[in-house]
Amino acid sequence: MLKLFNTLTRKKEIFQPEGEVVGIYTCGPSVYQNAHIGNFRTFVFEDVLVRYLRFKGYKLRRVMNLTDIEDKAIDYARKEGKSLSELTRYYSKIFFEDMETLELLPADVFPRATGHVPEIVDIIKKMMENGYAYRGKDGSIYYNISMFKDYGKLSHLKLKKGKKKIKRDEWGEDTSIVSDFALWKSYEKEDGDIFWETELGKGRPGWHIECSAMSFRHLGKHFDIHVGGVDNIFPHHENVIAQNFGAFGVNPSKYWLHCRHLIVDGKKMSKSAGNFYTLLDLLGKGYSPMAIKYLLLSMSYRRRLNFTFEGIQEAQEKISSIYEAINQMNLTDGTDDAEKIVTRAKNKFENSMDDNLNTGKALKTMEEFTDEVKMMNPDKGSVKKILGLFSVFDSVLGLFTSAGSASHVSWAEAASKAP
């Protein structure tokens, strides 16, 4: 029985989807620069969530957004002398290539924020009609925090009042400051040619409203799981809940899952500290994609992960050991019966995954099972069972087999058809 830790309730809950198809919204990348390994910890976790739900027999519809309009993206485009579309399309392509390298499954839909301005306008209009949004003196439209009495229940923070209104996209992450936030930003000359002429006026959407619009269009008013990193909890996901309540009167998601931060050699990752790594950086150092992925899965997503080069090397050795065990099965012709250890390992693996997707314990089970079978000379029936269990491990963790041409076609299609 699968249990997931719900950030909203702060407890593990039995997973009980609302309908026949599980709706999942995963916060994707802001495509104005390369994603770093901290981002990929979250993306790898999201991949395992999807894989395990499929393993459990659920039908899924997964949406992963691409944030291609926000303050930072506009700033980066201006600095690089590129159009916003040119910049975000370039980094979207790199993101898709990185995801393919790590053999992560494509989402069913990759919506772009810029492709959902009509939905954004409609939702903002609904909030204004319901009294949850207002036009400021600067012409921008803001969410009225005082109207939503449950604001702060997701983050469980002791919130402090700040400025009456905040127009910029990012604020409050480290200070827990509460302010009315921008839903629609009135045009400023610094925006250049990045604007839309709408019923709300000339301008562009705020960051937070984009996820409300994309999730509503592709999953409806209410769905099963909303996933992201812990840095999304406040204010972003807090604001998404507020927006959806203001427009539709409901929390958009039943379960809220958040992956903890990744640190590097015990320190916060940053470019100034010289420990900021993209996937391409690590591949350039000679590390295999699956070793990187293995390390990212080596700890429960609810615990902070310390990323080290020693850890990648250890992960590579463990993967090599598993490959050796699999190859050994193709050569053996013994008499040992492996049914008991296969059954025991499979049960331990599923129990670990059922316990809030504890990949750290699941990997430990796989490692112990590998050591056991390498000491055996199994009969042909047992070889089939052993390889069958390795196949189960791979279907959930995606660590051994090649993604194959079908997956590559899916990623190519995703890259070209993202709405």
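Reader: What makes H10 roughly parallel to H12?

Author: In this predicted model, helix H10 (residues 339-354) and helix H12 (residues 380-397) pack at an angle of about 10°. Angles under 35 degrees count as roughly parallel, so H10 is called roughly parallel to H12. Their axes are 9 Å apart.

Reader: Which residues of H10 and H12 make the contact?

Author: From H10 come Glu339, Val342, Ala345, Lys346, Phe349 and Met353. H12 brings in Ser382, Lys385, Ile386, Leu389, Phe393, Val396 and Leu397. Phe349 and Phe393 also turn up in a cluster linked by ring pairs, along with Tyr323, Phe369, Phe390 and Phe400.

Reader: How many aromatic pairs does the structure hold?

Author: There are 27 of them.

Reader: Why is the pair of Phe96 and Phe110 called edge-to-face?

Author: Look at the planes of the two rings: they are at 85°. Planes over 60 degrees apart count as edge-to-face, so that's the name this pair gets. The ring centres lie 5.0 Å apart, and centres within 6.5 Å are what make two rings a pair.

Reader: What parts does the pair of Phe96 and Phe110 tie together?

Author: Phe96 lies in helix H3 (residues 84-101), while Phe110 is in the loop between H3 and helix H4 (117-129), so the pair ties together parts that are 14 residues apart in sequence.

Reader: How do you know whether Phe96 is buried or exposed?

Author: Its relative accessible area is 4%. Buried means under 20%, so Phe96 is buried. Phe110 has a relative accessible area of 4%, so Phe110 is buried too.

Reader: Why is the pair of Phe148 and Phe245 called tilted?

Author: Here the planes are at 35°. Under 30 degrees would be stacked and over 60 edge-to-face, with the rest tilted, so this pair is tilted. The centres are 5.0 Å apart. Phe148 lies in the loop between strand S6 (141-143) and strand S7 (160-166) and Phe245 in helix H6, so the pair ties together parts that are 97 residues apart in sequence.

Reader: What makes Phe245 count as partly exposed?

Author: Phe245 has 31% relative accessibility. Phe148, at 6%, is buried.

Reader: Why is helix H6 described as mostly covered?

Author: Count its buried residues: 15 of the 16 in H6 (residues 233-248) are buried. Pro235 is found in H6, and the peptide bond from Phe234 to Pro235 is cis, with omega near 5°. After H6 comes Gly249, with a positive phi near 80°.

Reader: Which residue other than glycine has a positive phi near 55°?

Author: Leu357 does. Leu357 is found in the loop between H10 and helix H11 (359-374). With a relative accessible area of 2%, against a limit of 20% for buried, Leu357 is buried. His156, in the loop between S6 and S7, has a positive phi of about 55° although it is not a glycine. At 36% relative accessible area, His156 is partly exposed.

Reader: What sits over the ring of Phe195?

Author: The charged end of Lys202 does, 4.4 Å from the ring centre. That is within the 6 Å limit. The charged end of Lys82 likewise sits over the ring of Tyr90, 5.1 Å from its centre.

Reader: Where does pLDDT stay under 50?

Author: Over residues 402-411. Where pLDDT is low, the predicted coordinates should not be read in detail. The protein chain averages a pLDDT of 92.

Technical notes. Residues numbered from 1 in each chain as written. Predicted model: local features only at pLDDT ≥ 70, side-chain atom pairs only at ≥ 80, totals over all residues. Heavy atoms only, no water. pLDDT = per-residue confidence, 0-100. Contact = heavy atoms within 4.5 Å. Buried < 20%, exposed > 50% of the residue type's maximum accessible area, 1.4 Å probe, protein only. Helix = DSSP H or I, 4+ residues; strand = E, 2+ residues; numbered from the N terminus. Phe/Tyr/Trp six-rings, centres within 6.5 Å; stacked < 30°, edge-to-face > 60°. Lys NZ or Arg CZ within 6 Å of the ring centre and 35° of its normal. Axes fitted to C-alpha atoms, helices over the stretch in contact; angles between N-to-C directions. Parallel < 35°, antiparallel > 145°, perpendicular 65-115°, else oblique.
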